[in-house]
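User: I'm new to this one. Could you walk me through it and tell me where the terms come from?

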Amino acid sequence: MSESSAAPGSGASAEVIGAGETSGTGDPSTGGRQPARRHEARPGVLRDILSGSWLVSLLSIAVGLLAGAVLIAASNESVQETLGYFFARPADFFVTAWHVVTEAYIALFRGAIFDWQATSFVRAVRPFTESLVAATPLILAGLGIALGFRSGLFNIGGQGQVILGAILAGFLGYWLTLPAGLHLVVAVLGGIAGGALWGGIAGALKARTGANEVIVTIMLNSIAGYLIAYLLKQQWFTQSGSANPQSRDVDATASLFPLLPDPFRLNAGFLIAVAATVLVWWLLERSTLGFEFRAVGENPHAARTAGISVGRVTFLVMALAGALAGLAGASQVLGTEDKLTIGIAGSLGFDAITVALLGRSRPLGTFLAGLLFGAFKAGGYTMQAQTGTPIDIILVVQSVIVLLIAAPPLVRGLFRLPAPAGKEAR
Amino acid sequence: MTTAAATPQLTADLRAPIDWKLPVVYAVLGVLTLFGFGLFGGAAGRHTVFSFSTGRDFFSVPDLTVSSWPTAVGAGIVLVMMAAAAAWLATRREKPGVWFPVVYGLLFLFAFLTWAGADTGRIPVTPLLAGALALSVPLIFGAMCGLVGERSGIINIAIEGQLLAGAFLAAVVASALRNPYAGLVAAPIAGALVAVLLTFFAIRYWVDQIIIGVVLNVLVVGLTNFLFSTVLTANPETWNARQSLPTVPIPLLADIPVIGPVFFNQTILVYLMYAAVAVIHVLLFHSRWGLRTRAIGEHPKAADTVGIRVNRSRVVNTLIAGGIAGLGGAFFTIGSGLAFGKEMSAGQGYIALAAMILGKWSPMGAVAAALLFGFARNLGNTLSTMGTPVPSDLLLMLPYIVTIFAVAGFVGRVRPPAAAGKPYGAQ
Amino acid sequence: MKLELSGITKRFGSFTANDSIDLVVTPGEIHALLGENGAGKSTLMNVLYGLYAPEEGEILIDGRAVRFSGPGDAVAAGIGMVHQHFMLVPVFTVAESVALGYEPTRGAGMMDLAEARRKVEEISARFGFSIDPDAVIEDLPVGAQQRVEIIKALSRDAEVLILDEPTAVLTPQETDELIGIMRQLKERGTSIVFITHKLREVKAIADEITVIRRGRVVGQAAPESTESELAGLMVGREVHLTTDKEAPEPGDATFSVENLTVVGGGESVLLDDVSFSVRRGEVLAIAGVDGNGQSELAEAILGLVAPRTGRIVLDGRDLGERSVKERLRAGIGFVPEDRSTDGVIAGFAIRENMILDLYDAEPYAKGLSMRPAVVRTEGEKKVEEFDIRLSSIDHPISTLSGGNQQKVVLARELGRPLRLLVASQPTRGVDVGSIEFVHRRIIAERDAGTPCVIVSTELDEVYNLADRIAVMYKGRLVGIVPPDTPRDVLGLMMAGVPEDEALARVESGEDATEISAAEEA
């Protein structure tokens with residue numbers, strides 16, 4: 001695919017949300033006052049590398065980690081003490097800050113990739129599998145968001161769709177009694193259906209009445225939140241005697257089977273995520289349906305004129321995006337958590353948006369972004385446990401990365417990189 | 001115009017299809033009332049008391065006692081008749097006036113409360129209203145913020161983050177300086193700082209405004225959670241001690257029964273809210289600033305051609321709006337006498353956004369919608385503590401469902417500012 | 001006030017829109033700036049109005065160099081502009097629109113709306129406009145909106161008024177009224193810069209003519225010059241205003257529209273009981289001023305808008321409930337009016353744009369799966385056939401010129417067997433060389449036996465292609481006339497006068513428009 005069918009956030013799709021009129025915006029030949037900025041060309045290959053979007057991504061990640069480092073240092077009491085006598089002994093400050101930050105990030109790494117201080121090989125490599133576990137729902141829900149972005153739809157409703165997927169998958173997982181395998185399939189399909197329902201509502205409303213999908217999905221998120229809260233208070237639903245708002249455990253017949261023996265938690269959910277990535281790639285890049293999706297995303301008017309039913313695409317995309325998010329919910333409840341709780345979706349819906357953005361709405365990019373953020377999450381717990389650095393720092397790092405990714409000119413400006421050839425800033 | 005031909009008259013069979021949406025909604029609610037709250041509501045033989053009195057009334061209003069069953073049935077019958085009237089009007093391609101949904105809504109509410117209160121017997125009206133107003137405060141501030149932004153062409157999804165940032169900084173500054181009013185000064189600064197990021201990315205780098213909004217919300221949650229877990233938790237005495245804005249009853253006005261305690265026995269934050277709404281309403285529609293703001297939100301190029309600095313105005317407006325949302329955030333901490341807690345804005349910023357849309361981008365409409373949302377929420381809380389049969393979780397969904405119906409076109413055409421969300425000028 | 005532009009150069013990236021342009025406008029003069037679409041006229045005026053900063057050159061007012069950093073400066077210097085696309089906020093009232101940016105206030109920043117109304121009324125009265133200051137812009141007809149724009153400029157004491165393609169949206173009669181206003185302004189000492197590509201209007205009103213081509217001034221001309229002289233200057237070579245074509249050999253009427261009525265938002269009637277039929281091997285041209293229902297007619301034929309009543313019949317089948325896709329499959333070729341919005345997807349590769357409405361048909365797809373190799377080889381064949389100039393079929397179509405983009409659209413729509421061709425404004429924004437190509441292809445399609453419906457607001461194009469001309473006004477078909485009907489008659493019909501009456505009025509000479517009078521002079 002050409003680079004120009006860009007993801008939202010690249011500026012090129014800034015009007016995606018609108019009904020299409022672009023009165024007085026965008027076109028440099030009618031709107032602007034200054035000429036587009038130009039950079040002196042550096043020779044060929046080097047320029048391609050320097051201006052490549054993957055470099056921008058890497059630099060954004062670096063800046064994000066740096067921002068996190070500043071925050072870690074600033075909030076650390078030992079560092080604050082050294083600031084008290086900074087002018088007397090400035091070196092103390094730098095040494096302490098360096099120490100604090102590296103300690104935190106090393107813990108993060110050990111918790112996410114490989115723990116070389118572990119007592120056994122299994123423990124040493126377990127962190128990496130934990131990252132994959134954390135990445136699974138991020139990838140699945142992220143693919144859903146990316147699918148929407150490519151089709152010009154802002155699906156902010158990942159959260160609600162994850163919850164609905166989890167509700168249905170979980171309920172079918174402990175309520176039904178079916179043979180192993182079949183039970184799992186039914187429960188997973190339930191998760192897909194739940195998410196698709198929630199996404200489909202937004203899609204159908206947009207297709208039929210023009211209701212803005214951003215608003216509708218935000219509202220559906222809240223409704224889903226209250227719905228699960230309500231259900232978890234109902235005996236018939238939870239099937240558990242517990243006074244806590246949580247359900248009975250999912251039957252073993254419906255659990256996503258582990259890929260590795262104990263103590264590893266890696267399960268078949270990750271395989272689903274890999275399969276979904278391939279499927280979404282094929283759908284977008286090789287199928288007629290994907291052609292329709294992308295056409296509607298880039299220019300719904302032209303798509304309509306070409307005989308593509310924009311309403312049908314809107315509904316399908318939202319339902320499919322919901323289905324993917326629903327899978328994420330299913331993977332949580334059937335694979336990782338084993339029961340429904342009020343916090344089953346965590347902040348997956350919003351994390352998925354950042355994953356899709358970092359992945360530039362490409363299936364492979366989303367997969368890799370999901371792995372990275374999954375690693376942050378898994379490593380974050382270790383970091384919190386070992387160094388007392390709250391895991392919330394990960395949210396900060398993630399959001400800084402995504403903000404920078406969304407504004408490539410800012411990153412290039414920060415690092416004095418050339419603009420990409422032939423892609424003048426609009 | 002010269003040889004203008006008269007616009008052709010349409011013959012009968014060419015008329016627009018009948019719009020059944022609203023009559024159907026009315027009918028469903030009416031039937032629900034008649035059967036659910038009335039005939040089969042199980043309230044036969046019981047009484048519902050609507051109590052109005054509070055401690056400090058100048059003169060007290062007597063309680064209103066009604067027979068639950070006949071009242072609910074009667075209201076249900078009236079509602080069904082009203083639905084029939086709306087349907088009849090619809091076949092004539094006409095719509096009832098604004099009073100119609102208001103009267104319908106109030107009557108429905110009355111029937112509902114009569115039914116819900118039949119078990120426990122007593123509906124405390126004044127606290128119900130006062131609590132509704134209190135819960136509406138951050139919503140109204142947030143909706144005003146969103147409104148000023150969108151009217152200038154900037155979509156602000158970061159209201160949630162601005163509320164949270166306002167709550168955080170208000171608590172921290174008030175605590176550190178041992179003065180709640182200091183928090184009142186700090187809160188708008190926090191909101192405006194979030195707006196700085198919003199405008200920086202939206203206007204300077206043309207990043208999609210919805211995306212920045214969502215990401216900024218995550219950023220603020222991350223930052224405040226992080227600082228809460230480190231700095232605030234390490235030394236709560238200094239950084240997160242409870243500070244509370246005192247209530248300042250307004251002489252005379254506060255003594256009016258029902259209305260007085262609801263509206264005029266509040267903190268200065270609430271009075272600021274009244275002022276903000278009034279000022280924004282007047283300025284938006286009657287001042288030079290308002291004319292220009294609406295122009296850059298509808299047709300920025302037209303504004304540019306008459307010498308209005310579109311992007312500068314957008315930045316300024318969004319920063320002011322951010323300040324307003326920050327003030328709203330102060331309600332969660334110093335306005336309610338609470339210390340800061342993680343993610344305490346709890347999605348209210350998103351509801352504020354919904355209120356703005358439901359209010360059709362007008363200040364008064366947004367206030368009405370915010371009050372409705374606040375009322376629904378407080379009703380949910382009140383009823384669940386009263387032990388009525390209504391599940392509070394389902395009641396709490398109501399504002400969101402209403403908003404979905406609204407954006408799906410059930411309450412008339414909702415038209416956002418034409419240029420909202422679209423960056424202007426050369427990158 | 002005397003206005004001079006000296007050596008103005010304006011570039012967009014590597015593209016030079018204005019190349020060292022000189023222009024002098026003396027007080028009380030109507031100065032026509034003549035050039036094709038895309039010649040750089042509007043860019044020049046945006047420079048003059050402070051919307052663009054030029055790379056080189058300067059603007060002099062009464063001999064003094066000035067620098068405009070924004071439109072505000074230009075307005076302060078006495079320059080007013082009526083943009084081609086009106087700069088009016090649709091939801092504002094007339095008084096608010098005129099006040100915007102120069103608001104009368106009652107202190108404390110509060111609007112003095114009474115004063116704003118008074119100003120509108122005062123200027124309206126001076127020029128005999130009847131404009132209600134409290135009317136909302138979006139409710140006004142375009143002619144009235146244009147007057148609001150003029151009032152806006154005059155309210156700021158403009159001494160030089162720039163009118164950018166002001167007649168594009170007007171009927172010939174409205175154009176006459178505008179010319180009257182321009183004369184009135186001139187008498188009061190206002191200079192006017194009149195931007196257009198319509199030769200007749202220039203000859204009717206201009207005192208001085210500057211012709212621009214590809215961003216350069218290519219000559220000055222007096223209003224006495226002949227049209228072909230002006231046209232030659234404008235396009236740079238002798239132009240064949242006519243495409244050589246054989247007489248039509250019409251066959252059966254295989255396409256017909258019967259009593260078609262389309263109703264828009266707010267129950268406005270967009271198409272009112274339109275009926276006509278087209279025979280195989282015949283071009284029916286639909287003439288009319290922009291916005292009189294032609295777009296809706298084309299969209300209704302394709303199924304983009306649903307008619308309230310009426311039938312559309314192709315090859316004996318009622319298209320009624322059929323979707324856009326089914327209609328395309330039934331053999332409708334559709335060239336949309338607004339290419340960039342409806343015809344191409346800017347971010348898609350050229351090869352993808354070539355199959356925009358064929359992506360799921362053989363041979364481009366098999367089942368759900370597309371066949372990228374076939375898409376590429378077929379696309380490259382069409383590039384050859386339609387002489388599309390490009391460097392790679394994989395580049396986004398936005399890298400092509402307007403003419404080449406239109407060729408991609410034609411390659412797509414004409415590159416398959418058709419039962420009906422509907423083309424709206426087929427040469428809008430297309431360079432002269434490509435216009436000839438496009439016209440030849442349309443005639444070739446006609447000669448192959450396809451019934452063709454061509455919507456055009458350019459009378460030259462209508463005359464060039466039509467075997468019959470249908471004229472539309474306010475959603476109605478005023479009449480269908482032969483291709484040799486005089487311009488005057490068409491002009492009156494475009495203003496809603498029925499054919500018989502128009503003929504009679506033109507013959508009696510009472511209603512010949514000024515523009516055609518100038519033509520005859």
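Analyst: Let's start with pairing: two strands pair if DSSP finds at least two bridges between them. In chain C, C:Ala253 stands opposite C:Arg279 in S12(C). This is a predicted model, where local features need pLDDT of at least 70, side-chain atom pairs count only at pLDDT 80 or more, and totals for chains, interfaces and linings use all residues. Residues are numbered from 1 along each chain as its sequence is written, while chains are lettered from A and ligands numbered from 1 in the order in which they are written.

User: What makes S11(C) and S12(C) a pair?

Analyst: Strand S11 (residues 253-263) and strand S12 (residues 269-279) of chain C share 7 bridges, in the antiparallel sense. The cut-off is at least two bridges, so they count as paired. By the way, strands (E, at least two residues) and helices (H or I, at least four) are DSSP runs, numbered from the N terminus.

User: How do you know that S11(C) also pairs with S14(C)?

Analyst: By the bridges again: 5 of them join S11(C) to strand S14 (residues 309-314) of chain C, running antiparallel. There, C:Glu258 stands opposite C:Arg311.

User: Why are S16(C) and S22(C) called edge strands?

Analyst: Because each of them, S16 (332-335) and S22 (476-481) of chain C, pairs on one side only. They belong to an open sheet of 6 strands with mixed pairing, in the order S16-S19-S20-S13-S21-S22 (chain C). S22(C) is joined to strand S21 (residues 468-473) of chain C by 5 bridges, antiparallel, and C:Ile469 stands opposite C:Val481 in S22(C).

User: What makes B:Tyr104 a buried residue of H3(B)?

Analyst: A residue is buried if 20 or more other C-beta atoms lie within 10 Å of its own (exposed if 12 or fewer, partly exposed in between; C-beta atoms are placed from the backbone). B:Tyr104 is listed as buried, so it reaches that cut-off. Others on the list include B:Phe108 and B:Trp115.

User: How do you know that H3(B) is close to its expected span?

Analyst: Helix H3 (residues 99-116) of chain B has 18 residues and reaches 25 Å from its first C-alpha to its last, against 26 Å expected. The expected figure is 1.5 Å times one less than the number of residues.

User: What counts as contact for chain C and chain A?

Analyst: Two residues are in contact if their C-beta atoms, placed from the backbone, lie within 7 Å. By that rule, 32 residues of chain C are in contact with 26 residues of chain A.
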